[in-house]
Amino acid sequence: MPSSDLRSPSPMHSLTLPAPLTLRRLLAVSRPALWVNTVGPLVVGLWLTGRLWTLEPGLLALLAYLTLPFNLLIYGLNDLADREEDAVSARKGGWQGARLRPGEGGPLLRAVWLLNLPLLAVLGLLLPPAALAALLLSALLFAAYSVPPVRLKARPFLDGLSNVAYALPLALPALALGDPVPALPLAALMAYAVGKHAFDAAQDVPADRAAGVRTVATTLGVRGTALYALGWFGLAGALLWPVSRLTALALWGVCGGLALALHRSPTPARAAQLYPLSILSPWLVGTVAGVPLVYLLARGLWP
């Protein structure tokens, strides 16, 4: 344990472990601005079952789990693994992600396990095996993204492909309720997640290169990354077209527009300027998708 994590020894030479992190600090690490990426797919999955307001205990527990606990697993492990890159990243230390302080590593890792393992055990009792397996697969992919020796973040193209984990919560309501999994929306969300990962990684090219981390963005460069993201956004819209043309058009307009804007001015600085709009993209596309879906559900027209 680093000496900075220890308090002054007593005459008995006893050591005191670092104090647990405050709830406020844990919330900062979990990046509440990004919770929509885990909670949103679950809610959309409920919409697609036609039972948005169900009070099924397993789904309510899932909804709670996909807030602080699951996001602390995603971003807490990421921040622990990325301390070197984060130290030179101008966007860390605020709403876009925490910059860990000396002595916070051990308490953060303990908090991740204490908030996740017991809740996963409870969900194991509440959910059918298929739903639990999908949730565990998502958690394992997120852990593999950050944690050595796998560390998919440092494996170009696998880094983005592993982000299909963000889409898996969309399947959980169907798996929990015994309904058919909405295959096209699930595949579209997977494609969107891969494209969005690449787009968002473009702003981190200088920090990642300085730290010697190879990502899809450092491999393709900013211009190539913009085209790569555009291709995935195009595929996502095409998969949505048979389900909702309006949603497909919204995705192409919002996300495709962001990728084209970055392609016209392919710099990390421009990517950072566009990043807040990327954060809003799930809200914008989700609103366009949600309004007609709620109308169809209210009229009893949703199949």
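Reader: Why is R31 called buried?

Author: In this predicted model, R31 has a relative accessible area of 6%. Buried means under 20%, so R31 is classed as buried. The residue is found in the loop between α1 and α2 (36–49).

Reader: What kind of peptide bond joins P148 and P149?

Author: The bond is cis, with omega about 5°. Most peptide bonds are trans. P149 lies in the loop between α7 and α8 (158–161).

Reader: Why is α1 described as roughly perpendicular to α4?

Author: The axes of helix α1 (residues 23–30) and helix α4 (residues 68–81) cross at roughly 75° and come within 7 Å. Angles of 65 to 115 degrees count as roughly perpendicular, so α1 is roughly perpendicular to α4. On the α1 side the contact is made by L23, L26, L27, V29 and S30; on the α4 side it is made by L68, N71, L72, Y75, G76 and D79. By class, this contact has seven nonpolar, three polar and one charged residues.

Reader: What makes the pairing of D82 and R151 a salt bridge?

Author: The N to O distance between their side chains is 3.0 Å. The criterion is a side-chain nitrogen of Lys or Arg within 4 Å of a carboxyl oxygen of Asp or Glu, so the pair qualifies. D82 is in the loop between α4 and α5 (83–87) and R151 in the loop between α7 and α8, so that the pair links distant parts of the chain, 69 residues apart. D82 and R151 are both buried.

Reader: How do you know that K196 and D200 form a salt bridge, and where do they lie?

Author: Their side chains meet at 2.7 Å, N to O, and the limit is 4 Å. Both residues are in helix α10 (residues 183–201), and because they are four residues apart, they are separated by about one helical turn. K196 has a relative accessible area of 8% and D200 has one of 13%; buried means under 20%, so both are classed as buried.

Reader: Why is L141 called partly exposed?

Author: L141 has a relative accessible area of 21%. Buried requires a value under 20% and exposed a value over 50%, so L141 is partly exposed. L141 is in helix α7 (residues 129–146). Leaving aside neighbours within four places in sequence, L141 is in contact with S162, V164, A165 and L168. The C-alpha atoms of L141 and L161, 20 residues apart along the chain, are separated by 9.8 Å.

How values were computed:
Residues are numbered from 1 along each chain as its sequence is written. This is a predicted model: local features need pLDDT of at least 70, side-chain atom pairs count only at pLDDT 80 or more; totals for chains, interfaces and linings use all residues. Side-chain values use heavy atoms; hydrogens and water are left out. Helices (H or I, at least four residues) and strands (E, at least two) are DSSP runs, numbered from the N terminus. Buried means under 20% relative accessible area, exposed over 50%, partly exposed in between (1.4 Å probe, protein chains only). Contact means heavy atoms within 4.5 Å. Axes are lines fitted to C-alpha atoms, for helices over the stretch in contact, and angles run from 0 to 180 degrees between N-to-C directions. Angles under 35 degrees count as roughly parallel, over 145 as roughly antiparallel, 65 to 115 as roughly perpendicular and the rest as oblique. Ala, Val, Leu, Ile, Met, Phe, Trp, Tyr, Cys and Pro count as nonpolar, Asp, Glu, Lys and Arg as charged, and the others, Gly among them, as polar.
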